[in-house]
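The terms are defined as they come up.

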Amino acid sequence: MEIRYLIKRRSQNHDKYLVYVAIYSSDDTQLIPTGQSVTLDQWDANRKEPKGDILSKVSRVWVEVDKVRKLLEVQEEDVTPFNIKAAYIRKLNQHQGDKQVRDKVRKQEAKGVSSLAEDWTISQLFKYRRSTQKTVTESINAFTEYLKKGGQGGLDRKGLTQEVVTRYERYLQEKKMLSNSTHGKRMKHLRWFLKYIDFDTSKIKLRTFTKQIICLDVKELEALEAVEVYTTDEIRAKDMFLLGCYTGQRISDLKRITAHSIIDNEIRIRQTKTGKDVFIPLSPQSKAILDRHNGAAPRITEQDLNKTIKTVCKNAKIDTVMSIVSNKGGIDLKRNVDKSSLITSHVASKTFISTVGPERYNLTPPEIAAICGKNLKTLLTHYFNLPRESAKQKMLSVHGSQNS
């Protein structure tokens, strides 16, 4: 096998010759272009190589080809002209790929963070639901606004350091006084963006705060069913809220219930948030509400429902004093309030989840998840209190029987 230079005329009407590194063996010849050309005056016919500066340029290709040949020998692979050329091309493509990555990083480092953030929200968020797109965009805009207010609106990627991110974390807690849950959401979305621009996010720790689950018990639900309402707003608010208590659905899905949603005595809808198809048995209470409103859910906005249902619940004597823990600026705050003042549309679906167990329908957690369209793990970890008391009583009863 031999490796040497070879020239081929570019065209019949051209005095330039293309220079190749040629790999010869008895039954195979492979040519690798060097990207250089010479005239006959620049070609040494005796040494069969270019002259002067051109030789130093093409020799780089020759050296790389010879390195590939030696590597194949060390790896005990077939050293043929074809294999040498194929391995050389793979190495060249890998080098070019690495160079593109390095060029991308250099361009990112030279580009402004705010500009990168805008590009990311436009090019990457389309894969999420619109509601998610909105909240993520709000989080990213909050970060870029912080940079602008701090005189760092023109900060480039290279200047973005962990210190900048840490100062922003403290700003959200100490100046904006965000709750741990909102703080965690802002930083989670920022972390998505920072990963996209190859920023080390390992030091970003997300804050969490588990909100208390507010729901009606069976007696309170019965009190709400029995309370008299007189105005149109109160009638609609009460009926829409109870419809949520009977079906476990969000108000955004309840609003879409019409006569066409009732098939084989079931309410069938596709949830807007999850995209899940749910099938809810049409209870007599649900049917009565739909019949009162011409076969559809009551027409009321979530804002009006949240405002009016508090008054309805207060009239129903749902006024237990509750100790509520909230979080602001990383500090837990405790306050006592009447339960009626905490009732919103979200409480309806939570009431369904908490009351359709042993007290009403004896549904199991997987069955509840199937009806309301929520994730079973979410139900178990977020909505259900751990049954400590029942567990203690069962263990004590066994211990008592063993000791007697």
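Two strands pair if DSSP finds at least two bridges between them. Strands (E, at least two residues) and helices (H or I, at least four residues) are DSSP runs, numbered from the N terminus. This is a predicted model, in which local features need pLDDT of at least 70 and side-chain atom pairs count only at pLDDT 80 or more, while totals for chains, interfaces and linings use all residues. Residues are numbered from 1 along each chain as its sequence is written, and side-chain values use heavy atoms, with hydrogens and water left out.

Strand β2 (residues 17-24) has a partner in β3 (residues 29-38), the two pairing in the antiparallel sense over 7 bridges. A hairpin through 4 residues joins β2 to β3. Strand β1 (residues 2-9) also pairs with β2 in the antiparallel sense, over 8 bridges. Tyr20 of β2 stands opposite Leu6, and Tyr20 also stands opposite Pro33 in β3. Strand β2 is mostly covered, with 7 of its 8 residues buried; buried means under 20% relative accessible area, exposed over 50%, and partly exposed in between (1.4 Å probe, protein chains only).

Another sheet is open and has 3 strands in the order β6-β7-β8, with antiparallel pairing. Its edge strands, β6 (262-263) and β8 (277-281), each pair on one side only. Strand β7 (residues 266-270) pairs with β8 over 5 bridges in the antiparallel sense, and Ile267 has Ile280 of β8 as its bridge partner.

Among the helices, α3 (residues 113-124) contains Ser114. Ser114 counts as buried because its relative accessibility is 19%. Leaving aside residues up to four places away in sequence, Ser114 touches Thr144 and Gly153; contact means heavy atoms within 4.5 Å.

Helix α5 (residues 162-175) has 14 residues and should span 20 Å at 1.5 Å a residue; its end C-alpha atoms are 19 Å apart, which agrees. The expected span is 1.5 Å times one less than the number of residues in the helix. The buried residues of α5 are Val164, Val165, Tyr168, Glu169, Leu172 and Gln173, and they pack against α4 (130-149) and α6 (180-196). Just after α5, Met177 takes a positive phi of about 55 degrees.

That leaves the cysteines. With a disulfide taken as a pair of cysteine sulfur atoms within 2.5 Å, the count comes to 0 disulfides. The sulfur of Cys215 has its closest cysteine sulfur in Cys245, at 9.6 Å, too far for a bond. For Cys313 the closest cysteine sulfur is also in Cys245, at 8.5 Å, again too far for a bond. Cys313 is buried, with a relative accessible area of 0%.
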